[in-house]
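Trainee: I am new to this structure and would like to learn how to read it step by step. Could we look at it together?

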Amino acid sequence: MPKNSEAQPPEKLTGISIKDTPKSAAGLKAIASTVKHIKKEIGLSKGIQLLSKLNQKDGFDCPGCAWPDPDDKRALLAEYCENGAKAVAEEATKNKVSPLFFATHSVQELSELSDYEIGKSGRVTQPMFLPEGANHYQEISWKDAFKMIGEELNNLDSPDEAIFYTSGRTSNEAAFLYQLFVRQFGTNNLPDCSNMCHESSGAALSETLGIGKGSVTLDDFNHTDLVIVIGQNPGTNHPRMLSALEKSKQNGAKIISINPLPEVGLINFKNPQNLIKWVNGQELTDVFLQVKINGDVALLKIILKLMKEKENAVPNSVFNHKFIKEKTAGIQDLLEDLDRYSIEELLPQTGLSLEKIKKATQLIINNKNIIICWAMGVTQHKNAVDNIREIVNILLLKGSIGKKGAGTCPVRGHSNVQGDRTMGIWEKPKDDFLDNLEKEFQFKAPRKHGFDVVNAIEAMYTKKAKVFFGMGGNFISATPDTKYTAEALQNCSLTVHVSTKLNRSHLVTGKKALILPCLGRTEIDYQDMGEQFVSVENSMGVVHKSKGTIKPSSKYLLSEPAIVAGIANATLSSSITNWTKLTANYDLIRDKIEATIPGFKNYNKRVRIDGGFYLPNNARDNNFTPTRTGKANFSINKPSEIELKKNHFLMMTIRTHDQYNTTIYGLNDRYRGILNERRVLLMNKEDMNSLGLQKLDKVDLTSHFNKEKREAKGFLVVPYNIPKQCTATYFPEANVLVALKNKARVSNTPASKTVIITIHKR
Ligand SMILES: Nc1nc2c(c(=O)[nH]1)N[C@H]1C(S)=C(S)[C@@H](COP(=O)(O)OP(=O)(O)OC[C@H]3O[C@@H](n4cnc5c(=O)[nH]c(N)nc54)[C@H](O)[C@@H]3O)O[C@H]1N2
Ligand SMILES: Nc1nc2c(c(=O)[nH]1)N[C@H]1C(S)=C(S)[C@@H](COP(=O)(O)OP(=O)(O)OC[C@H]3O[C@@H](n4cnc5c(=O)[nH]c(N)nc54)[C@H](O)[C@@H]3O)O[C@H]1N2
Ligand code: SF4
Ligand SMILES: [Mo]
């Protein structure tokens, strides 16, 4: 593997243009953008045909985000959003990456392209192999690829020297089979994208409520009094959530949004499915708290203090004492701890006026049924778990969980990231789960916990791990500390990626590398016993089926379950599992899931019912017995410890409207008015003045963590409505600045939203 392959996107600028931010999200422009992408990637008529099956009960699940579909009635047309359509267009693209493509383009040459250009190359059509020292991938048969993986794995000194990553698009069936193979091979090294995403939510919610998932259903949005959206940009990342918020508003609910940016989707929304509302759109947010980056615990503490003050002044006016007494533990400690902080001391961390916070608190005090939604703006900080536990504190004081219209709503990212975890993709499996696997499959499961993403990178860097296997995803671009991670991957003897599309992880490899191309969601999956469907779990715990409808983009593609079976057969000589039989008919895999994982009774029957079924959820049922205390736990949390020196800024790495994680759909961030450029630094005007910077000045960024420095060069300064000392860049261009050791307590999630930087004019 040539060591000079580029792990980072090139510094090249693409020709920025800046527009006013639009007044509302969605509307006609969203439809125009959908049509443009569909036309370009798949062609209009095939594209429209394909979209007619998107999120329909007899169709395929959107490969975009994990937002749920309505349980009952679905629109005949267009049960999807602009970004769902883009995700489909991206997968069903006409463009192909064939052996000829690899013969023509060297790995190094491809690595010099931008992520946008790499992605646009298209779908990988055949298994490809990069031999040691070579600079071009070459064709390899599936049989030889499986054999190579089997030999490499069996040559390791210990199964713990292999890492098995998963991204969140993998179906339940594939994920279950994959973790079974990995555990029969002998390791729990199953890091996943969730480690970088909602791990902090899982950690905080398990501890406080006894379940790592959210508690609300989509219908709760119709019955709520107040929705708080904190650290999330639904207009871009979960667009159909805006329709749910619109319904909440129409039923009289209020909305508070807490974000350093006035994200346009949260402010005003034109529902493309509601023509009448188009003229003015629906104003969504009632109170916008433009908090400083990582000022959330301080803000939530002020809210808690104000709630306590009011309760003390007028007993029974705020707290739900019945709920607190019957269902919770630890309130006294929380109330005492709140006294340790003064509002004056907390306020500067928020950057807000007390008056504004009081207005929001009044809504919390006045309303009984509250839903709190959140995403990466709270999960990717050093004190991310504290953020979420503080959110839970508010809900518990109000008794606002386990009943209609109320509860927790961590909005998941990848379309099946929650399902993958349910299937056992986890480096810290519970003993009960392993006991069940052992009983059903007659093998001895490893008990030692495995590496998560951060630990896996360290293990590869220090050569404790030697083989990297990625079930989907784009590890080099999604992970922090790009240079360090590149070295870690390059230390491996073999890196393997099961992928749909070409990405940078295929270009920054171990000594040898394989790309194993697989079927996507949209495609027909034909196995020995006929056409198959798969199932997925959305953000609200609904398991439902997904069936592709178009011809696979190449005849050489295998399904993810078939790839796992191929590798298992080539690796595990003493396994008594019949991998080939299981993949011939996915019903047999589902039978095994039913036999080992609670909640899947009559899986094959219930998954065939239109719309699927709900998994059990103790918090939803107002039952908190699975926690350590047997009750819902109040907790004590720490505000940010970051103290910025003069000329130091906090930087968050966020998504544009035109990307799906590391897959770049286009170069526009339309809702923020930034077009045709990704290398930008969003800055407050006063901060720009104090550094003597003008609009579109070119700057280099240095991040500071402990005494270490990291650099990223060539960003254009864009004046933006963002709190002072806060800045924003896009992921993955700025990942090189995120130190691997800058991560959340407990969950180990990289703190990609709190990077301390200095800014240097070119
Ligand atoms: N189209 C599209 N859809 C996607 C994705 C995609 O890339 N593109 N990715 C999917 C995935 S995997 C995920 S996890 C989700 C991500 O969904 P989001 O979490 O919405 O994604 P981010 O762009 O990371 O946005 C984080 C939001 O938090 C705010 N924020 C940042 N720091 C703070 C803070 O300290 N406090 C507060 N209160 N707010 C803060 C930012 O301003 C931004 O609005 O989306 C999923 N859906
Ligand atoms: N700085 C910074 N870093 C971040 C984040 C951030 O906000 N800031 N967010 C983090 C978050 S929330 C997440 S979830 C991770 C995302 O991390 P990943 O999940 O690893 O990254 P993706 O970009 O979603 O992966 C895209 C690749 O998946 C492959 N793919 C697509 N569909 C399929 C499929 O059906 N099967 C298979 N086998 N492969 C498929 C394609 O080849 C595509 O190139 O990134 C994290 N990294
Ligand atoms: S909201 Fe998410 S799941 Fe729904 S159509 Fe849009 S991208 Fe797909
Ligand atoms: Mo995510």
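Trainee: Which polar side-chain atom lies 2.7 Å from an oxygen atom of ligand 1?

Mentor: Please keep in mind that this is a predicted model. To read a polar contact, one looks for a pair of N or O atoms within 3.5 Å. Here the side chain of N259 supplies the polar atom that lies 2.7 Å from an oxygen atom of ligand 1. As for cover, ligand 1 taken alone exposes 920 Å², and the protein buries 99% of that.

Trainee: How many residues surround ligand 1, and which are the closest?

Mentor: There are 32 residues around ligand 1, and N259, E263, D296, Q659 and N661 are the closest. By class, this shell holds 13 nonpolar, 15 polar and four charged residues. At least two shell residues come from each of helix 10 (234-237), helix 18 (376-379), strand 25 (649-654) and strand 26 (659-660). Seen by domain, domain 2 (199-411) and domain 3 (643-761) each give at least three residues to the shell around ligand 1.

Trainee: What do domain 2 and domain 3 bury between them?

Mentor: The size of an interface is often given as the accessible area lost when the parts come together. In this model, domain 2 and domain 3 bury about 2200 Å² between them, with 60% of it on carbon and sulfur atoms. The centres of domain 2 and domain 3, taken over C-alpha atoms, are separated by 26 Å, and the contact takes 27 residues from domain 2 and 28 residues from domain 3.

Trainee: Why does ligand 2 lie between domain 1 and domain 3?

Mentor: The position of a ligand can be read from the domains that supply its shell. Ligand 2 lies between domain 1 (34-192 + 416-614) and domain 3 (643-761) because both of them give residues to the shell around it. That shell has 30 residues, of which Y165, S167, A478, E560 and T662 come nearest, and by class it is made of 10 nonpolar, 15 polar and five charged residues.

Trainee: Which residues have polar atoms at 2.7 Å, 3.1 Å and 3.0 Å from ligand 2?

Mentor: A polar side-chain atom of Y165 is 2.7 Å from an oxygen atom of ligand 2, while for G473 a backbone N or O atom lies 3.1 Å from an oxygen atom of the ligand. On the nitrogen side, a polar backbone atom of V498 is 3.0 Å from a nitrogen atom of ligand 2. On its own, ligand 2 has 930 Å² of accessible area, and the protein covers 96% of this.

Note on methods. Residues are numbered from 1 along each chain as its sequence is written. Chains are lettered from A and ligands numbered from 1 in the order in which they are written. This is a predicted model: local features need pLDDT of at least 70, side-chain atom pairs count only at pLDDT 80 or more; totals for chains, interfaces and linings use all residues. Side-chain values use heavy atoms; hydrogens and water are left out. A residue is near a molecule or strand if one of its heavy atoms lies within 4 Å of it. A polar contact is a pair of N or O atoms within 3.5 Å; within protein, one must be able to donate a hydrogen and the other to accept it, and residues adjacent in sequence count only if both atoms are side-chain atoms. Accessible areas come from the Shrake-Rupley method with a 1.4 Å probe; for residues, only the protein chains shown count as cover. Ala, Val, Leu, Ile, Met, Phe, Trp, Tyr, Cys and Pro count as nonpolar, Asp, Glu, Lys and Arg as charged, and the others, Gly among them, as polar. Domain bounds come from an automatic or database domain assignment. Helices (H or I, at least four residues) and strands (E, at least two) are DSSP runs, numbered from the N terminus. Contact means heavy atoms within 4.5 Å. Buried area is the accessible area (1.4 Å probe) that two parts lose on being put together, summed over both.
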